[in-house]
Amino acid sequence: MPIPAGDSARDRVIPVHQMRPGDHAFVSYDDDEIRWDVLTAFTRLGLARGERVIVFPRPGLPEEEVLARLDFPNRTTATARIRGQLVLSSMRRLISPDPAFTADRQWSRLREETAQAVAEGYTGLRAFIDMHWVPELGADVHTMMHRESNADELFKGRPYSEICAYDRRWFAPEVLTAMAEAHPRNLLEQLGALHTERTPDGALCFVGEADTATKRLFLTSLELALAQGAAAGRLTLDLSRLHFLSVGCATGLLTLVQEANSLSRVEVRADPVQLRTLQRLGAASISRLTLSEVTRPC
């Protein structure tokens with residue numbers, strides 16, 4: 001029987017590819033190339049899903065540079081810009097004619113933009129906000145904490161998603177920590193990264209990408225978890241939050257489970273595509289292995 005996906009607490013850390021309508025996400029960076037990678041992926045996924053995308057880049061950054069980055073290596077976003085599906089804006093322009101930032105004004109305007117996008121035939125709205133606008137408009141940390149901690153109505157039941165990107169070279173560590181905690185979602189900073197965490201029920205959960213670049217980390221984490229599970233005689237692994245699972249990593253997982261003689265049962269939770277991969281690689285021949293399907297929203 002399929003297991004429903006977990007709630008927002010369980011899925012707090014996600015890769016950008018798993019952003020969905022209603023998601024409010026924090027990401028931090030100290031490398032501009034990494035920021036561009038996340039922005040480009042977020043933008044192109046939104047365009048492919050029929051959403052309008054508004055990008056609020058770092059104030060003072062030339063629009064030509066932003067568009068060149070989004071278009072590289074081909075001009076896939078040029079048409080979207082022409083027809084109005086992709087919009088470059090600024091926080092000052094969004095809250096105009098108000099001269100000063102208030103959370104209420106920003107929320108009101110973003111609700112209007114979401115409604116307008118839907119009225120024009122888009123499936124929703126997504127926004128990427130580079131938080132360099134905060135010092136430019138003179139907003140203080142307390143104002144931003146209020147905004148980030150009380151924005152639920154902007155997202156709940158609405159086809160709107162948002163990434164707030166904080167530059168670690170500009171914001172103090174305590175501010176970054178507070179902002180990360182204020183957001184329901186925290187993004188993996190880098191595309192292609194792999195993150196592991198324990199779920200409330202004790203399962204080892206993998207988030208991100210298990211591929212050639214992260215195979216060593218993936219298998220090392222598995223080996224450690226299998227060894228730690230020996231005392232209980234059982235272990236649960238959750239692959240469902242992986243954006244990608246390579247055949248090499250899947251094969252390595254099956255090999256390690258086959259050799260884990262100290263465990264009587266290993267449950268692997270996976271999405272339908274991952275399950276088919278494991279089944280085709282011979283999962284049924286491992287008696288201690290149980291596969292459970294996890295269903296996730298599209």
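Me: Is Asp98 buried, partly exposed or exposed in this predicted model?
Reply: The side chain of Asp98 meets that of Arg105 in a salt bridge, 3.7 Å from N to O. The relative accessibility of Asp98 is 31%. Buried would need under 20% and exposed over 50%, so Asp98 counts as partly exposed.

Me: Which residue forms a salt bridge with Asp32, and how far apart are the closest N and O atoms?
Reply: Both partners sit in helix 1, 3 residues apart, which means about one helical turn separates them. The partner is Arg35, and the closest N and O atoms are 3.9 Å apart.

Me: Which residues are linked with Asp32 and Arg35 in a network of salt bridges?
Reply: The whole structure holds 19 salt bridges. The network that includes Asp32 and Arg35 also takes in Asp130, Asp167 and Arg169.

Me: How many residues apart are Asp30 and Arg168?
Reply: Their side chains meet in a salt bridge at 3.0 Å, N to O. Asp30 is partly exposed at 40% relative accessible area, and Arg168 is partly exposed at 29%. Asp30 lies in the loop between strand 3 and helix 1, and Arg168 in the loop between strand 7 and helix 9; the pair links distant parts of the chain, 138 residues apart.

Me: Is helix 10 roughly parallel or roughly antiparallel to helix 11?
Reply: The axes of helix 10 (residues 215-228) and helix 11 (residues 247-259) come within 10 Å and cross at roughly 20 degrees. Angles under 35 degrees count as roughly parallel, so helix 10 is roughly parallel to helix 11.

Methods. Residues numbered from 1 in each chain as written. Predicted model: local features only at pLDDT ≥ 70, side-chain atom pairs only at ≥ 80, totals over all residues. Heavy atoms only, no water. Axes fitted to C-alpha atoms, helices over the stretch in contact; angles between N-to-C directions. Helix = DSSP H or I, 4+ residues; strand = E, 2+ residues; numbered from the N terminus. Parallel < 35°, antiparallel > 145°, perpendicular 65-115°, else oblique. Salt bridge = Lys/Arg side-chain N within 4 Å of Asp/Glu carboxyl O. Buried < 20%, exposed > 50% of the residue type's maximum accessible area, 1.4 Å probe, protein only.
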